[in-house]
Amino acid sequence: ADAQLIEQVILHLINNAAKALEKTEGDRIIELISASKKNNIIVRVSDSGPGVPLELKDKMFDPFFTTKTVDEGTGLGLSIVHGIIKDMGGQIKVDSKPGKGTTFRILMPLSADEEHQEEIPKATGKRLKGLRVLLVDDDTMISGAGKYILEDKDCIVDVANNGYEALEQFQKDITAYDLAIIDLTMPKMTGLELGKEIRRLSKDVLMVLTSGSLDPKLKLEFESLGFNGFIRKPWTAPEMLEVITSLHPS
């Protein structure tokens, strides 16, 4: 398991619980349960909030599903959480009833005698060492996870939470970055608009677009603006590293 990603997962679930309790008093409970007979560990995050309607429960881990307004979130949070846990060989389950709160249970396997590394190309760490990355996403859960993954491969990573902030950082020194990873859907300035501005300033920096979908029209548009690659959301660590490695050979 990756301790930093696990931390991001738990923080996200705690924030969700806090959101559920904004308009009512209630409790948030975090439990760690050792289940050695079943060879796993259980982390349980619960709240006594209003719960989730039955018809929405099965959609909670779907990409882009959200009950929040546009300015509150993208709906990608729980989908990314699900992907992170799945990549580590675990499971995440949710129990929720209207008026009776919500409980997320994360089941993680105990370490085996021999560690099994993620199926990432062996040369990935060497290829990415020292790569200077500007990571742009208005969802701090996603940008935080991406930053941890890339820094673990010895990349140098700066994060921006919107297009204007990213453009301001880039304008300070257009030679400061080797790669910009840019989310498509952001308020005020879209990823395509940001990419156009970055490419106008520099022909050398690599650019990768991230999005939950890529229709043929969009594919033509992002390529015409100078993007070099695409990462489909919700991505996993191996998927992200594979795309970046293919653009930055040793």
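Q: Which residues does Ser211 touch, leaving out those up to four places away in sequence?
A: Ser211 touches Leu184, Phe230, Ile231, Arg232 and Lys233, not counting residues up to four places away in sequence. Contact means heavy atoms within 4.5 Å.

Q: What kind of model is this, and how are its residues numbered?
A: This is a predicted model, in which local features need pLDDT of at least 70 and side-chain atom pairs count only at pLDDT 80 or more, while totals for chains, interfaces and linings use all residues. Residues are numbered from 1 along each chain as its sequence is written, and side-chain values use heavy atoms, with hydrogens and water left out.

Q: Back to Ser211: where does it lie, and is it buried or exposed?
A: Ser211 lies in strand 8 (residues 206-211). Helices (H or I, at least four residues) and strands (E, at least two) are DSSP runs, numbered from the N terminus. Ser211 counts as buried because its relative accessible area is 6%; buried means under 20% relative accessible area, exposed over 50%, and partly exposed in between (1.4 Å probe, protein chains only).

Q: How far apart are Ser211 and Ile182?
A: Ser211 and Ile182 are 29 residues apart in sequence and 8.9 Å apart in space, C-alpha to C-alpha.

Q: What about Asp183: buried or exposed?
A: Asp183 is found in strand 7 (residues 179-183) and is buried, because its relative accessibility is 4%.

Q: Which side chain makes a polar contact with the side chain of Asp183?
A: That of Lys233, at 2.9 Å. A polar contact is a pair of N or O atoms within 3.5 Å; within protein, one must be able to donate a hydrogen and the other to accept it, and residues adjacent in sequence count only if both atoms are side-chain atoms. Beyond four places in sequence, Asp183 touches Val136, Asp137, Asp138, Gly191, Leu209, Thr210 and Lys233.

Q: New topic: what is the strand order in the open sheet?
A: The 5 strands are ordered 6-5-7-8-9, with parallel pairing; two strands pair if DSSP finds at least two bridges between them. Strand 6 (156-160) and strand 9 (229-232) are the edge strands, each pairing on one side only. From one strand to the next, the twist averages 20°.

Q: How many bridges join strand 5 to strand 7?
A: There are 4 bridges between strand 5 (residues 132-136) and strand 7, which run parallel. Val133 has Leu179 as its bridge partner in strand 7.

Q: Which strands does helix 5 touch?
A: Helix 5 packs on the sheet and touches strand 5, strand 6 and strand 7; its direction makes about 170° with that of strand 6. Helix 6 also packs on the sheet, touching strand 5 and strand 6, and its direction makes about 135° with that of strand 6.

Q: At what angle do the axes of helix 6 and helix 7 cross?
A: The axes of helix 6 (residues 163-172) and helix 7 (residues 191-201) come within 10 Å and cross at roughly 10°, so helix 6 is roughly parallel to helix 7. Axes are lines fitted to C-alpha atoms, for helices over the stretch in contact, and angles run from 0 to 180 degrees between N-to-C directions. Angles under 35 degrees count as roughly parallel, over 145 as roughly antiparallel, 65 to 115 as roughly perpendicular and the rest as oblique.

Q: And Gln169: where is it placed?
A: Gln169 is in helix 6 and counts as buried because its relative accessibility is 17%.
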